[in-house]
Amino acid sequence: MEIDKAIGESDDKRLKTKYNNAIFVIKRALALYSIEEVAFSFNGGKDSTVLLHLLRAGYFLHKKEQTCSNGGLSSFPVRTIYFESPSAFTEINAFTYDAAQTYNLQLDIIRQDFKSGLEALLKANPIRAIFLGVRIGDPTAVGQEQFSPSSPGWPPFMRVNPILDWSYRDVWAFLLTCKVKYCSLYDQGYTSIGSIHDTVPNSLLSVNDTSSKEKFKPAYLLSDGRLERAGRVKKIASLKYDVETESQKHEVLLASVIAVGDEILSGTVEDQLGLSLCKKLTSVGWSVQQTTVLRNDIDSVSEEVDRQRSTSDMVFIYGGVGPLHSDVTLAGVAKAFGVRLAPDEEFEEYLRHLISEQCTGDRNEMAQLPEGITELLHHEKLSVPLIKCRNVIVLAATNTEELEKEWECLTELTKLGGGSLIEYSSRRLMTSLTDVEVAEPLSKLGLEFPDIYLGCYRKSRQGPIIICLTGKDNARIDSAAQALCKKFKKDVFVEIK
C-alpha cells in the first residue's frame, strides 16, 4: 500500500505517530462494525482528503491482518457520502468526482441539507458508524472524542474521528509526504474551504506582485496553522442588519472580547471591563466564546483580531486607544484587515472640539482610523463616536462607568440588546454535595435538556457548589431545575436569588 510505505519511509516522527494513532482508530472501527455498517463523509477538502487515504491504508492493513496476505488493495468498499451543494466551489465538485473515479469510491450523492440527507441515508441503509474528518479547532469538534455518538435530535450513529488530534501542519505533512492529489484551490491561497459565499484566499498568503491580479502562495506555506480559518469570512453589511436578521432566526450570536494592556498582564491593573462586558453580552442573548488579554504589540493585536473576526459575529476590543506609544489597538485592527491607518477628517473634528488646541503633533494620530472599513457610530451622549470596523467594535472606555455609557449608546444605535434578541434567563442552585455526587446527574441532565446551559463553580475550594441553569425559556429552566432536584433527597439544593 503506497500510503503506508510513504509514511514508513518518512523521517517525520510526529507524522508517524499521528498516522499510527489514526490507523488504530480506523482498524478499531472496522473491527467493531461490518463493512456494510460504516460510511465515510467526503467533502473534497484537505481534511477529508487525508481521511480518504488513511481509510484506504487502514482498510488495507485491516484486511492484511485478517488474511495474512501482502496483496494489494483491489477495491475500497467503504460507502462514501458526498453532500453536493449549489454553493460549493466547482473545483471542489470536480476534485470529489475525480477522486471517486480514481479510487473506485462507492459515492452516494446527497442533494438535501446535511441532517435530512443523513436521516434518509440511515433509514435506507444499515449504517451505524460514519468516519468524519473533524479536527480540534473545527466549530463542530467541541465535546467530541475519537468515538462519539451523534448529538441529541440527530439520527443515531457513531461519529468516528481518526484525525481529531491532527493539526494544520500534520494535515499538510501527510498530503505532501504521501504525494497525493488535493483540491487545486489550496494552491491558490485557500486554507479552509466552505461555500463560495463565505470563503476567500487567506490574506496571510498574499504575494506582493506588480501585476494587477492579486496572487497567493499555496496553503501549505501558511506558517501559523491557528490562522487557517482567516479566509472564512462572515460577510456582514452592518451590525444592525445582522443582529436583527439573525435574531429573527432565533440563533445564538457569538462574541469575542479582547483587552489590550501590558498593565493587565503585569497585574498592575485589575481588568473590570472584561467582566462587565461579558455580563452585558450574556444578558442580551449573546454567547461569549472567548476573552483574551494581549500585550501592547501591533502584531499581537492584529493576529488575535484576525483570528476572532473570522469565527465571531462580533469582536469587542478595548484598551490601547489614544496618542501614547503603547496605544496600538487601531493599528492592530487595521493590520488585521489588511488596510492602512489614514486620517479621518470627521473624527478629527470631534477630537478638535474635545481637546481643542491640544490637538496638535502626535495627538493628530488619534484621528488615524483603518481606511475604508471604519464606520463612526454617533450618539448625542458621546463626545466622540464609537468606532466600528466591519464586525469589530473598538471601545474607548477605561472604567466601568464609561463602559456603561458606551454600552447604553451602543445598544440604542445597533439594537444589540434593544429587545430584538430573545434574552437569557437563569436560576442558580447551591448545594453542599461533592463534585463526584453531582457529576453524573448533571451530565445526564445536560442530555435531557440540551437547550439549557449548565454551569458549575465554587467561590472557594471548600465552599458549596453553585449550579447555574441558563436558557431562553423560563419554563424549560424550571423543568430542568425540578428534574435535577428529583435526582437527590429533598432540600439538597437551595436557590440563590
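Visitor: Which residues in α3 meet which residues in α6?

Guide: This is a predicted model, and in it Lys 46, Asp 47, Thr 49, Val 50, His 53 and Leu 54 of α3 meet Tyr 168, Val 171, Trp 172, Phe 174 and Leu 175 of α6. Sorted by class, the contact of α3 with α6 has 7 nonpolar, 2 polar and 2 charged residues.

Visitor: At what angle do helix α3 and helix α6 pack, and how far apart are their axes?

Guide: The general idea is that two packed helices are described by the angle between their axes and by the distance between the axes. Here helix α3, residues 46–67, and helix α6, residues 168–178, pack at an angle of about 55°, and their axes are 10 Å apart. The two helices, α3 and α6, are therefore oblique to each other, and α3 passes α6 in a left-handed crossing.

Visitor: In what order do the strands of the open sheet stand?

Guide: In general, the strands of a sheet pair through backbone hydrogen bonds, either parallel or antiparallel. In this structure 6 strands form an open sheet with the order β3-β2-β1-β4-β6-β5, and the pairing is mixed. The edges are taken by β3 (106–110) and β5 (147–149), each of which has a single partner strand, so one side of each is left without a neighbour in the sheet. From one strand to the next, the twist averages 30°.

Visitor: How many bridges join strand β1 to strand β4, and do these strands run parallel or antiparallel?

Guide: Strand β1, residues 38–41, is joined by 3 bridges to strand β4, residues 129–131, and the two run parallel. As one example to look for in the model, Phe 40 has Phe 131 in β4 as its bridge partner.

Visitor: Where do helix α4 and helix α5 lie on these strands?

Guide: Helix α4, residues 90–102, lies across β2 (79–83) and β3, and runs at about 165° to β2. Helix α5, residues 114–124, packs on the sheet and touches β1, β2, β3 and β4, while its direction makes about 150° with that of β2.

Visitor: Which residues is Pro 218 in contact with, leaving aside its neighbours within four places in sequence?

Guide: With those neighbours left aside, Pro 218 is in contact with Tyr 186, Asp 187 and Leu 205. Pro 218 and Ser 206, which are 12 residues apart in sequence, are 9.6 Å apart in space, C-alpha to C-alpha.

Notes
Residues numbered from 1 in each chain as written. Predicted model: local features only at pLDDT ≥ 70, side-chain atom pairs only at ≥ 80, totals over all residues. Heavy atoms only, no water. Axes fitted to C-alpha atoms, helices over the stretch in contact; angles between N-to-C directions. Helix = DSSP H or I, 4+ residues; strand = E, 2+ residues; numbered from the N terminus. Parallel < 35°, antiparallel > 145°, perpendicular 65-115°, else oblique. Left-handed = near helix turned anticlockwise from the far one by under 90°. Contact = heavy atoms within 4.5 Å. Nonpolar A, V, L, I, M, F, W, Y, C, P; charged D, E, K, R; others polar. Pairing = 2+ DSSP bridges.
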